[in-house]
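Welcome! Please take a moment to look over the sequence and the 3D structure, and then we will walk through them together.

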Amino acid sequence: MAAERMADSGREGEARRSARSLDAIDRAILRMLSTDGRASIRSVAERVHVSRANAYARINRLIDDGVIRGFSTRIDPERAGYGASAYITLKIVQNSWRAVREQLRELPGAAHIALVSGDFDVLLLVHTEDNRALRELVLTRIQSIPEVLSTRTLLVFEETDLSMDPGL
């Protein structure tokens, strides 16, 4: 099934296939699905002017190739009860990224984790109920990870959720 292929394709350490080039129809399908991941095959086919069988085959190929990594719901953190959001920068012990990443994944409210270059090593986006919960998360949970050398917290005053459309 497609969901099983998505899970398998996302496993770390698995050899990646070289990406096939995407044509205009593939890009149109990706634009549509990035806007509405619940779109039916029929509606996708109609919008990009191909048969349902062609749309189905293309979506499955995009999944198999790892272009589509999954389908998800975009949630408005504030409306979902998360009144505080912050980007937290972390400096970590060299070569500890994988261990730190696994611990950060377990944090409540962790929304995005990235290994980056520059003045810090990791950029973490979190959403918490309020500033008290944010303080607890940073001071108790994150700073207690042995590989974390230092943190800096940047409060988010306002955010705009952009579609994951990388200029398709």
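Let us begin with a pair of helices: α2 (residues 24-35) and α3 (residues 41-48) pack at an angle of about 130 degrees, and their axes lie 10 Å apart. The axes are lines fitted to C-alpha atoms, for helices over the stretch in contact, and the angles run from 0 to 180 degrees between N-to-C directions. Helices (H or I, at least four residues) and strands (E, at least two) are DSSP runs, numbered from the N terminus. α2 and α3 are therefore oblique to each other; angles under 35 degrees count as roughly parallel, over 145 as roughly antiparallel, 65 to 115 as roughly perpendicular and the rest as oblique.

Which residues make the contact? On α2 they are I25, A28, I29, M32 and L33, and on α3 they are S43, V44, R47 and V48, where contact means heavy atoms within 4.5 Å. These residues of the contact of α2 with α3 divide into seven nonpolar, one polar and one charged. Here Ala, Val, Leu, Ile, Met, Phe, Trp, Tyr, Cys and Pro count as nonpolar, Asp, Glu, Lys and Arg as charged, and the others, Gly among them, as polar.

## About the model

Before going further, please keep in mind that this is a predicted model: local features need pLDDT of at least 70, side-chain atom pairs count only at pLDDT 80 or more, and totals for chains, interfaces and linings use all residues. Residues are numbered from 1 along each chain as its sequence is written, and side-chain values use heavy atoms, with hydrogens and water left out.

The residues of the contact of α2 with α4 comprise six nonpolar, no polar and three charged.

## The whole protein

How many helices and strands does the protein have? There are six helices and four strands, and from the N terminus on the elements run α-α-α-α-β-α-β-β-α-β. Of the 168 residues of the protein, 30% count as buried; buried means under 20% relative accessible area, exposed over 50%, and partly exposed in between (1.4 Å probe, protein chains only). Among the contacts in the protein with a separation of 6 or more, 65% come from residues 24 or more positions apart.

## The sheet and its helices

Now follow the strands. The four strands form an open sheet in the order β2-β3-β1-β4, with antiparallel pairing; two strands pair if DSSP finds at least two bridges between them. The edge strands are β2 and β4 (148-156), each of which pairs on one side only. From one strand to the next, the twist averages 20 degrees. Helix α5 (residues 97-105) packs on the sheet and touches β1, β2 and β3, and its direction makes about 170 degrees with that of β2. Helix α6 (residues 131-142) packs on the sheet too, touching β1, β3 and β4, and the direction of α6 makes about 165 degrees with that of β4.

## A closer look at β3

Is strand β3 (residues 122-128) largely enclosed or open? Six of its seven residues are buried, so β3 is largely enclosed by the rest of the structure. Strand β1 (residues 84-92) is joined to β3 by seven bridges, and the two run antiparallel. Along this pairing, Y87 stands opposite L125 in β3, and A84 has T128 in β3 as its bridge partner.

Strand β2 (residues 110-115) pairs with β3 over five bridges, in the antiparallel sense, and A114 has L123 in β3 as its bridge partner. β2 and β3 form a hairpin with six residues between them, and G118 in the turn has a positive phi of about 120 degrees.

H49 has a positive phi of about 65 degrees although it is not a glycine. You will find H49 in the loop between α3 and α4, and at 71% relative accessibility H49 counts as exposed.

N95 also has a positive phi of about 65 degrees and is not a glycine. Look for N95 in the loop between β1 and α5; its 77% relative accessibility means that N95 counts as exposed.
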